[in-house]
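The structure under discussion is shown below.

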Amino acid sequence: MALKPVSPTDEFVKGLWRDNPVFIQVLGMCPALAVSNTAINALAMGAATTFVLVMAGLSVSLLRKFIPKEARIVSYICIIATFVTCVDYIIMALSIELHRALGAFIALIVVNCLILGRSEAFASKNKPGRAMLDGLGMGVGFTFALLFIGIIREVLGSGTLFGVSMFPDGFQTWTIMVLPSGGFLAMAGWLLIVNWLRQKEDNAARRAAEAES
Amino acid sequence: MTQAPVEQKKTTAWQMYRAIVGIGAFCAILIVGVYMATAPQIKINQERFLASAVSEVLPAAVLTQAVALDNDGQLVVVEENADLPAFLGYDAEGKLVGAVMTSEAMGYQDIVRVLYAYTFENQAITGMKVLETKETPGLGDKVEKEPHFLANFDALDARPAADGSGLANEIVTVKQGEKTEPWQLDGITGATITSVAIGHILNISAQVWVPVLEREARAIPAPQPPAPQEPTEEE
Amino acid sequence: MKDVSYWSIFLNSSLINNFVLAYFLGICPFFGVSSKIGTAWKMGAAASFVMLVASVCAFVINIILDIIGAPYLRIISYILVISSTVQLVEMLLKKLSPPTYQALGIFLPLITTNCAIFGLALFQTNKGYSFSQAFVYALGAGAGFALALVLMAGVREKLDLANVPQLVQGTAAALVVAGVLSMAFMGFAGLG
């Protein structure tokens with residue numbers, strides 16, 4: 001199967017839109033919905049996940065010839081769990097308030113299907129540099145997705161953005177948006193927009209292909 | 001990377017062993033390393049958080065020392081904070097001004113945890129801070145912001161009973177506007193359950209702590225103030 | 001250790017703070033396996049069983065970790081134990097009920113990365129429950145998870161027959177349903 005060589009930039013960029021973990025691959029939804037009630041939480045969660053993605057990707061790629069086929073998944077889980085533990089303590093050292101806000105969801109990064117998925121699908125088959133780029137791209141795409149959801153939920157649900165009040169005092173906040181319900185609805189909204197955009201892309205590509213033939 | 005197809009050899013026991021031990025060692029070193037590197041900073045953060053919360057509810061306290069109730073219900077000084085941290089607060093001269101306790105119980109959505117201060121001079125609860133809550137934002141979390149509710153804690157009567165078995169009067173939350181006694185909490189209409197819960201949370205803790213504090217806190221020696229520091233630029 | 005009644009713990013984890021609809025745990029299987037009621041409740045049952053076992057294991061591990069003073073090993077030990085438990089359940093199911101095994105497909109091994117199980121282990125540790133309290137908590141969590149799955153499956157089966165615009169079909173519609181279900185479950189708050 002001949003694959004055309006993928007440039008490093010493309011490795012990074014694919015995670016941002018084409019293979020966006022949350023909106024296209026629909027992976028890692030648990031934290032996307034749970035931690036996105038404010039924009040700053042979304043950002044922090046995205047950053048933590050990106051860190052684990054990059055470091056785990058690097059480690060798995062470095063060790064890929066060393067890990068026997070039968071013990072793949074267990075090894076990946078160990079490596080991912082290690083980095084999640086590290087990021088947990090790093091966040092605690094950086095800011096207790098942030099750690100409390102994110103709660104158990106930092107530890108839950110370890111069961112984020114996204115990281116295991118990338119380790120298995122990509123990092124175990126590619127060089128360390130590529131694996132890191134892939135991890136970075138997926139992580140940044142994940143962070144963007146979380147930010148989109150988080151911004152909508154914070155602006156509508158609390159009337160603030162990153163803690164800064166956006167509306168005059170009379171604004172009646174849509175409290176439902178910062179509640180679990182709002183998470184589902186915000187995600188549904190974005191998914192609709194993404195689907196619509198993809199449909200337009202597909203239609204345009206189809207029309208272009210028909211015009212050529 | 002094109003290669004001629006390589007036959008798949010079965011993994012030998014040695015390869016398996018080497019991998020498991022290798023990965024295990026790699027993970028262990030990393031985890032322990034980061035843990036030890038961050039531990040000091042984490043301790044500082046936790047202490048700072050608690051210290052700022054304590055000074056918020058008991059501003060008069062300049063010095064504090066951590067205390068707890070031992071198995072016999074006696075007040076003892078402790079080195080490490082208990083699950084529900086408690087402190088005695090002293091002013092700059094080492095005089096006991098009050099005590100700060102932590103308490104928690106079920107609110108509307110989930111457990112609510114508060115820090116509150118008891119002042120010996122007026123035998124009342126004079127400060128309350130919500131530490132952890134998952135109440136509905138905009139509704140249950142009014143207990144943290146609503147001015148008339150916070151005014152309850154200017155001097156919430158918490159006198160011990162004459163026989164030392166609890167409080168003279170149970171702390172209880174009443175409907176908004178119906179507060180008649182100093183040991184009642186004026187509730188919040190839109191956040192009834194949470195405001196009632198706060199009353200309950202304070203009551204269950206104060207019933208246990210206040211009599212013990214009144215009996216034994218004064219007997220505990222004040223902590224040494226920290227050594228005088230070099231004069232700062234502002235002095 | 002805590003002064004909470006068992007009934008209150010059960011209500012809490014099954015309804016008031018339903019793991020899927022309030023805590024956002026177990027979303028992948030929630031959307032993946034909830035298209036048919038039959039599969040949904042089997043998945044719920046399998047997950048509940050794994051939750052119970054995981055709860056017991058987590059409790060024991062925690063005691064050991066406290067004794068040796070290594071809290072930093074918590075994440076890695078929990079997840080390894082959960083994976084092994086899932087392997088076990090998988091093997092058992094394959095032997096005892098092959099059709100169920102087939103029906104659950106990829107989602108059975110995915111229970112390992114099911115945030116709900118891991119989340120359960122973490123939450124019960126954070127709340128400091130005693131053994132029996134943790135067991136009841138796990139029972140409630142499993143029951144709530146299964147309930148959410150079955151409810152979702154019921155609605156989706158009906159939706160499949162309805163005239164839904166193409167853009168909204170699939171996950172987007174499921175998300176909106178989940179949003180409404182979550183709102184409904186909010187009504188349980190205050191029961192405890």
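## Basis and fold of chain B

Helices (H or I, at least four residues) and strands (E, at least two) are DSSP runs, numbered from the N terminus. The model is predicted: local features need pLDDT of at least 70, side-chain atom pairs count only at pLDDT 80 or more, and totals for chains, interfaces and linings use all residues. Residues are numbered from 1 along each chain as its sequence is written, while chains are lettered from A and ligands numbered from 1 in the order in which they are written.

Chain B contains three helices and nine strands, arranged along its sequence as α-β-β-β-β-β-β-α-β-β-β-α.

## Contact between chains A and C

Two residues are in contact if their C-beta atoms, placed from the backbone, lie within 7 Å. Chain A contributes 32 residues to its contact with chain C, and chain C contributes 32 residues. On the side of chain A that touches chain C, α2 (29–34), α4 (72–94), α6 (113–121) and α8 (180–212) of chain A each supply at least two residues. The most come from α8(A), with 12 residues.

## Helix α4 of chain C

A residue is buried if 20 or more other C-beta atoms lie within 10 Å of its own, with C-beta atoms placed from the backbone. Buried residues of α4(C) include C:R74, C:I79 and C:V86. The buried residues of α4(C) pack against α4 of chain A, α1 (13–57) of chain B, and α3 (37–68) and α6 (115–127) of chain C.

Terms used
A residue is buried if 20 or more other C-beta atoms lie within 10 Å of its own, exposed if 12 or fewer, and partly exposed in between; C-beta atoms are placed from the backbone.
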